[in-house]
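Dear colleague,

I am passing on the structure we spoke about, and I would be glad if you could look through it before reading my notes below.

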Amino acid sequence: MPATDTEDSRRDLPRSAGGAGSGSGGPEGSDEMASGLDALESSPSATAATSRRVLAKAAPPLAALALVLVLWQVAYALEWSASLPSPAAVGDELAGAWSDGTLLPSLGHSLLRCLLGFAASVAVGVPLGLLLTRVAPLRTVLGPILSAVQSLPAAALVPVAVIALGNSEGAVYAVVLLGAVPSIAVGVTAAVDQVPPLLLRAGRSMGATGVRGAVHVLVPAAMPGFVAALRQGWTFGWRALMTAELITATPLPGIGRMLDAGRQGGEMSLVLASVVLILAVGVAVESALFSPVERRVLHGRGLAAARR
């Protein structure tokens, strides 16, 4: 049966609509418009989500800082201690040290000493810790010694370093090494001990033995413990450095020298300003270095969600 004009026109109608669809009113144009609208809507939402995450991370330390300042100001206002300065006086002390050019050199010298001492401690402590896990007799002899040195306060190490090396930069670095190396070595040893033996056996069954097994199996499995050991080593080294700078007469001044100057002069505001600097450096290194590295390592093992 021949098709009528009406049926021909109906059959031609979708083709004409499809031809018009290549313009802005067709299905393809609608998809492009929808994707563009989705992009416009998702960009502000992504920015808002990022802002919320940053605010959620920054809110707890800022709240803690505000609480400390409020309690400090209340203690000053109530005159709980005649020698306690106000937060504003400590801020003025820091501003004065900045303006007279003593703040940045002191901060820079202390940071440089600790960075160099920490790098040397890592170069010594990590191989030493790995060696202790491989040589049982050496661990039996050196393990208790490292634990004993780790438990010593830095103030007990400074006289030994000063008598042996004099009031010099070498004595300061020796104190940092004695404070950080045992901590790193003990931490690395503990991290290796906590690696599941099943992983090591699986690696050996696939041919990962010797150095290859250590590189591809042992070190990746113990990486979270390594990060914790390095963090603890930095903390011990930073504390030891402040003690060494406080006691020894080094040629280049540091934050410890500022602290000692405030102690000798009876200036509590200078002492507290030095303490604020010491705490600020510790928090900055923790937030900028160790925390991101730890999150990345844990995220690679599916453990980051548990630490948030």
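A residue is called buried here when its relative accessible area is under 20%, and exposed when that area is over 50%. By that definition, 31% of the 308 residues of the chain count as buried in this model, which, please bear in mind, is a predicted one. The chain exposes about 18,400 Å², and 68% of that area is supplied by carbon and sulfur atoms.

As to the fold, the chain holds 13 helices and zero strands. Among the contacts in the chain with a separation of 6 or more, 68% are accounted for by residues 24 or more positions apart.

K57 is found in helix α2, and K57 counts as exposed because its relative accessibility is 57%, where the cut-off is over 50%.

A contrasting case is S291, which is found in helix α12, residues 268-300. Is S291 buried or exposed? With a relative accessible area of 17%, S291 falls under the 20% cut-off and is therefore buried. If its neighbours within four places in sequence are left aside, S291 is in contact with R231 and E286.

Methods:
Residues numbered from 1 in each chain as written. Predicted model: local features only at pLDDT ≥ 70, side-chain atom pairs only at ≥ 80, totals over all residues. Heavy atoms only, no water. Helix = DSSP H or I, 4+ residues; strand = E, 2+ residues; numbered from the N terminus. Buried < 20%, exposed > 50% of the residue type's maximum accessible area, 1.4 Å probe, protein only. Contact = heavy atoms within 4.5 Å. Areas by Shrake-Rupley, 256 points an atom, 1.4 Å probe, with all protein chains shown as cover.
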